[in-house]
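Dear colleague,

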Amino acid sequence: MRIHWHRRDLRTSDNAGLAAATADSPVVPVFVFDDAVLDHAAPPRVAFMLDALDSLRAQYRDRGSDLVIARGDPTAEIPRLAEAFGADGVTWGEAYSGLGIERDIAVRQALDDAGVEREAVTDSVLHRPGEITTNDGDPYSVFTYFGRKWHDREKDEPYDAPSPDELADVSGDPLPSIDDLGFEEPQAEIPSAGTEPARALLDAFCEDDIYRYEDRRDYPADDCTSRLSAHLKFGTIGIREVYERTASAAEAANDEERRESVEEFQSQLAWREFYTQVLFANRSVVTDNYKSYERPLQWRDDPEALQAWKDGETGYPIVDAGMRQLRQEAFMHNRVRMIVASFLTKDLLIDWRAGYEWFKQRLVDHDTANDNGGWQWAASTGTDAQPYFRIFNPMTQGERYDPDAEYIKTYVPELRDAEPSVIHEWPDLSPTQRRNAAPEYPDPIVDHSERRDQALEMFETARGES
């Protein structure tokens with residue numbers, strides 16, 4: 001008898017740890033609600049996780065088994081469950097964040113003390129940290145070189161789901177409610193979790209949008225993205241299955257342009273793994289700048305501006321649309337994520353950590369490595385970061401990527417009757433013009449040109465140039 005400990009792999013198909021466990025003996029599937037992990041969670045992700053667990057339980061029950069539920073410190077719970085079921089081994093998918101690594105070290109020691117075999121396998125990424133390095137064996141700090149090697153490496157094929165005779169005949173307790181776990185129902189509308197919804201998204205994306213991805217992925221009104229981020233975060237679909245499906249889409253492409261579009265999407269999978277290896281090699285980046293400056297960056301302490309940004313009340317339409325999408329859907333389009341992050345750090349001059357924490361509380365797809373990497377990129381403090389002197393102009397970004405203001409009008413109803421030209425020029429209009437066009441929409445809280453100059457001065461000072 002073996003135990004497979006589910007964590008960020010809430011599926012039965014293409015599950016490397018589950019496949020490793022079933023190779024030896026019948027498997028007891030287990031999930032532990034770890035309070036140390038829940039301390040870092042938020043309502044949108046807890047709601048999605050519970051839905052995913054409900055789907056996972058149904059997958060096991062369809063195979064004559066069940067998902068065994070526990071709550072507590074895995075250091076105690078996993079050995080206890082191994083003893084209770086007479087299991088001689090435990091498998092799980094490797095963790096690459098600081099909290100996960102420390103937890104797994106403790107669990108391994110506890111299992112060793114109990115005389116129970118354990119095996120952690122690569123599951124959430126195609127290439128685990130340490131597999132793709134510089135010629136000197138160091139982690140990459142620039143994506144371009146990492147991405148080239150990532151594309152060239154052979155990828156494993158998906159694993160089959162276990163058959164009923166490979167699973168133990170067990171029954172589990174009911175899942176807790178979100179209230180039982182100490183969280184309120186999320187205010188945002190949370191997408192359906194589970195392998196079937198994930199596959200439906202993947203199939204629909206690979207039939208059409210993946211061939212337009214390279215040209216249209218930056219246009220939020222098109223929504224030409226996979227929407228798989230939450231599913232990859234919680235592992236309701238396997239990364240090998242996703243890659244194989246995109247590889248099939250590339251083979252089915254009837255011209256080079258369409259194939260290149262598929263490769264551009266695959267590059268986003270590579271970015272995900274790039275940031276994973278950055279976090280694995282530099283655990284401090286969660287709270288510290290990756291890139292060091294000669295002097296500390298002098299961020300502003302401006303609670304009112306920060307609140308206006310959170311509420312989507314900055315008077316910059318594309319920024320406010322993104323922040324309101326976040327509030328309504330626990331999701332934000334990737335291009336808009338870059339815009340709102342640049343606005344917080346370069347226009348409001350507020351520390352990127354404040355934005356990262358807000359995203360952590362609001363996003364259903366929050367992933368420590370990806371979100372941290374994205375925020376530090378925007379703040380010019382990370383790996384492969386946007387140069388400090390390239391500062392997004394939110395008006396130009398809105399006009400370029402939402403020219404008809406379709407996305408903006410979807411989330412900022414005060415502007416629905418305004419012409420796109422008025423919307424994109426909003427900060428430059430006179431107060432009278434703004435009142436006439438959309439009296440309920442706020443005036444801009446800062447002047448972009450002035451703040452751009454201040455941001456440049458802040459970074460030059462930090463670099464020791466002034």
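A residue counts as buried when its relative accessible area is under 20%. The model is a predicted one. Phenylalanine 459, at a relative accessible area of 0%, is therefore buried, and tyrosine 388 also counts as buried, at 10%.

The structure holds 30 aromatic pairs. In one of them, the ring centres of phenylalanine 143 and phenylalanine 274 are 5.7 Å apart and the planes lie at 80 degrees, so this pair is edge-to-face. It joins helix 6 (residues 143–152) to helix 11 across 131 residues of chain, and both phenylalanine 143 and phenylalanine 274 are buried. Tyrosine 388 and phenylalanine 459 form a stacked pair, with 5.6 Å between centres and 25 degrees between planes. Here tyrosine 388 lies in the loop between helix 16 and helix 17 (394–401), while phenylalanine 459 belongs to helix 21 (residues 448–462). One aromatic cluster includes Phe143, Phe274 and Tyr275.

Charges over rings. The charged end of lysine 155 sits over the ring of tyrosine 243, 5.2 Å from its centre; that of arginine 337 sits over the ring of phenylalanine 331, at 5.3 Å.

Cavities. Three cavities of 30 Å³ or more were found in the whole structure. Helix 16 gives the largest share of its lining, four residues, and the lining has six nonpolar, five polar and no charged residues. The second largest cavity holds about 60 Å³, and its lining has five charged residues; among the residues that line it are Arg8, Arg11, Asp123, Lys233 and Arg272.

With kind regards

Conventions:
Residues numbered from 1 in each chain as written. Predicted model: local features only at pLDDT ≥ 70, side-chain atom pairs only at ≥ 80, totals over all residues. Heavy atoms only, no water. 1 Å grid on protein atoms, 1.4 Å probe; cavity = no way out; pocket = protein on both sides within 12 Å on 5 of 7 lines; lining within 4 Å. Points joined across faces, edges and corners; volume = space filled by probe spheres on them. Helix = DSSP H or I, 4+ residues; strand = E, 2+ residues; numbered from the N terminus. Nonpolar A, V, L, I, M, F, W, Y, C, P; charged D, E, K, R; others polar. Phe/Tyr/Trp six-rings, centres within 6.5 Å; stacked < 30°, edge-to-face > 60°. Buried < 20%, exposed > 50% of the residue type's maximum accessible area, 1.4 Å probe, protein only. Lys NZ or Arg CZ within 6 Å of the ring centre and 35° of its normal.
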